[in-house]
Amino acid sequence: PIMTVRGCPFRCIFCSTKVFGKVFRKRSPKLVSDEIKSVIDKYNIKHFVFLDDTLTLDRDHILEICNLVKDFGITFEGSTRANLIDEELVKKMKTAGLIRISFGLESVDENIRKIMKKEVPLESYIKANKLTNKYGIETLNSCMIGLPGETINTIKKTLSFLRDSRDIKQANISIAV
């Protein structure tokens, strides 16, 4: 595990990472690449899980990290918001070793999304999954059931969306607690 940033400016009501707060703080890309290199040299570890709440929140930051580690021969994974990726970014991350990424879809019901303050357009998930599929990146879409206002019909709506989407290949479903 490695962290390149701490904090998340978004207000999703279900967030389990509030411990780092809303203030976004980032480590220098050079320090991150030095840490990765050190772990490779000391322990021969070649796979890293980026624990950043939103890996691509600062596009330039992650691009610089990718440029610094692209020749290390590593693989990595992380999580971000579906509306915070684009083709150039995905291509760069793939070249640097990205093999797996996770998006927090949560629910497709607009009312539930409004209640949970999930401000990512649904179309972003289709586009993001299509893009990651193009580059052969395993993509997980995380969903939740049992959020405030949830009904059998809203759950079925999300399941239908997942089932009918040609571009969403993998999802996990958690129960909101």
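Buried means under 20% relative accessible area, so Glu-77, at 17%, counts as buried. The model discussed here is predicted. A search of the whole structure finds 12 salt bridges, and the largest nonpolar core holds 36 residues.

**Salt bridge Arg-100 to Glu-77**

- The closest N and O atoms of Arg-100 and Glu-77 are 2.6 Å apart, and the two residues form a salt bridge.
- This pair joins distant parts of the chain, with Arg-100 in strand E5 (residues 98-106) and Glu-77 in strand E4, 23 residues apart.
- Glu-77 is buried at 17% relative accessibility, whereas Arg-100 is partly exposed at 27%.

**Salt bridge Arg-59 to Asp-86**

- Arg-59 and Asp-86 form a salt bridge in which the closest N and O atoms lie 2.8 Å apart.
- Arg-59 belongs to helix H2 (residues 59-69), while Asp-86 sits in the loop between strand E4 (75-80) and helix H3 (87-96); the pair links distant parts of the chain, 27 residues apart.
- Arg-59 is partly exposed, with a relative accessible area of 28%, and Asp-86 is also partly exposed, at 27%.
- A network of salt bridges links Arg-59, Asp-86 and Glu-88.

**Salt bridge Lys-134 to Glu-87**

- The side chains of Lys-134 and Glu-87 form a salt bridge with an N to O distance of 2.5 Å.
- Lys-134 lies in helix H5 (residues 122-134) and Glu-87 in helix H3, so that the pair connects distant parts of the chain, 47 residues apart.
- Lys-134 is exposed, with a relative accessible area of 56%, whereas Glu-87 is partly exposed at 34%.

- H2 provides the largest share of the core, five residues.

**Contacts of Phe-50**

- Apart from its neighbours within four places in sequence, Phe-50 is in contact with Ile-2, Thr-4, Ile-36, Leu-55, Ile-65, Phe-76, Glu-77 and Gly-78.

Technical notes: Residues numbered from 1 in each chain as written. Predicted model: local features only at pLDDT ≥ 70, side-chain atom pairs only at ≥ 80, totals over all residues. Heavy atoms only, no water. Salt bridge = Lys/Arg side-chain N within 4 Å of Asp/Glu carboxyl O. Helix = DSSP H or I, 4+ residues; strand = E, 2+ residues; numbered from the N terminus. Buried < 20%, exposed > 50% of the residue type's maximum accessible area, 1.4 Å probe, protein only. Core = buried A, V, L, I, M, F, W, Y, C linked by side-chain atoms within 4.5 Å. Contact = heavy atoms within 4.5 Å.
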